Amino acid sequence: MAQEQWAAVDEYVSGLLAPHDDALDGALKASDEAGLPAIQVSPPQGKLLQLLAQTLGARTILEFGTLGGYSTIWLGRALPADGHLITLEADLEYAEVARENIARAGLGDIVELRVGPALETLQQIDTEGAGPFDLTFIDADKVNTPNYFAWALEHSRPGSLIISDNVVRDGTLADATSDDPKVRAQRHFHEMLAAEPRASATTIQTVGSKGYDGFTIALVIS
Ligand code: SAH
Ligand code: DHB
Ligand code: MG
């Protein structure tokens, strides 16, 4: 019952406040047809990412985990025409689907998709002197969230936001005895944040069409 109700509310909210258009629908359809897992952000979550990027007046965005480019489209639409979004995806087939979805959304010029394990592509980006990023969205392999956060922090400016998806995972975040590497990584991430004077953060639990999860928002202070 709870899950049905959460999904119904997401549908109600999205219908009014995060409505779909041809580019978003087309991205979901092409992703589904190509067999990508349907684990993209929900429409209200996509809209939240967009609102946060707009609030910041973001011009540069970094995303870990492109999948079919659905969250990329929400975020890319917050950027001005001369903005830049770098999105990192390990899976070449997913990246090909994403590239078409992003182009269909008219964002081909401002989105740069880098294929490969993010820890490797980050090294290239580093040598090219990319950043600082106004907003970073961490949504790739969950064991590396702490590593991606550490990198993002070094490539941010005071006032940047670093947002991490899937930190709560059915409440497992509170399980100190878990030996699941993903859970341990999310707990390590929270301990890092607690000890990090350069950022101020909180985690918000969420329910919705994707079940029970949550995200962390960290504001870079210095
Ligand atoms: N942000 C997307 C969903 C991303 S799902 C959206 O909301 O629309 C997580 C993605 O991370 C998957 O596409 C997966 O292939 C990718 N991924 C997994 N490990 C990775 C790695 N080491 N580097 C980059 N991407 C990775
Ligand atoms: C998974 C990944 C995600 O980014 C997400 O939001 C939900 C699920 C997964 O890998 O299962
Ligand atoms: Mg996610």
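Student: Where does ligand 2 sit?
Tutor: Ligand 2 sits in the largest pocket. A pocket is an open set of points on a 1 Å grid over the protein atoms alone, with protein on both sides within 12 Å along at least five of seven lines. To sit there, more than half of a molecule's atoms must lie within 2 Å of the pocket's grid points.
Tutor: Some ground rules. This is a predicted model: local features need pLDDT of at least 70, side-chain atom pairs count only at pLDDT 80 or more, and totals for chains, interfaces and linings use all residues. Residues are numbered from 1 along each chain as written, chains are lettered from A and ligands numbered from 1 in written order, and side-chain values use heavy atoms, without hydrogens and water.
Student: Which residues are around ligand 2?
Tutor: Ile39, Asp139, Lys142, Asp165, Asn166, Arg169 and Lys210. Each has a heavy atom within 4 Å of the ligand.
Student: And by class, what is that shell?
Tutor: Five charged residues, one polar and one nonpolar.
Student: Which side chains have N or O atoms at 2.7 Å from an oxygen of ligand 2?
Tutor: Asp139 and Asn166. For Lys142, the distance to a ligand 2 oxygen is 3.1 Å. The protein covers 71% of the 290 Å² of accessible area that ligand 2 has on its own (Shrake-Rupley method, 1.4 Å probe).
Student: Are Asp165 and Asn166 buried or exposed?
Tutor: Asp165 and Asn166 are buried, meaning under 20% relative accessible area with protein chains only.
Student: OK, ligand 1. Which residues come nearest?
Tutor: Gly65, Ser71, Glu89, Ala118 and Asp139, out of 21 around ligand 1.
Student: What does Asp139 do there?
Tutor: A side-chain N or O atom of Asp139 is 2.8 Å from a ligand 1 nitrogen. A polar backbone atom of Ala118 is 2.9 Å from a nitrogen of ligand 1.

Terms used:
Polar contact = N/O pair within 3.5 Å; in protein donor to acceptor, adjacent residues only side chain to side chain. 1 Å grid on protein atoms, 1.4 Å probe; cavity = no way out; pocket = protein on both sides within 12 Å on 5 of 7 lines; lining within 4 Å. Nonpolar A, V, L, I, M, F, W, Y, C, P; charged D, E, K, R; others polar. Buried < 20%, exposed > 50% of the residue type's maximum accessible area, 1.4 Å probe, protein only.
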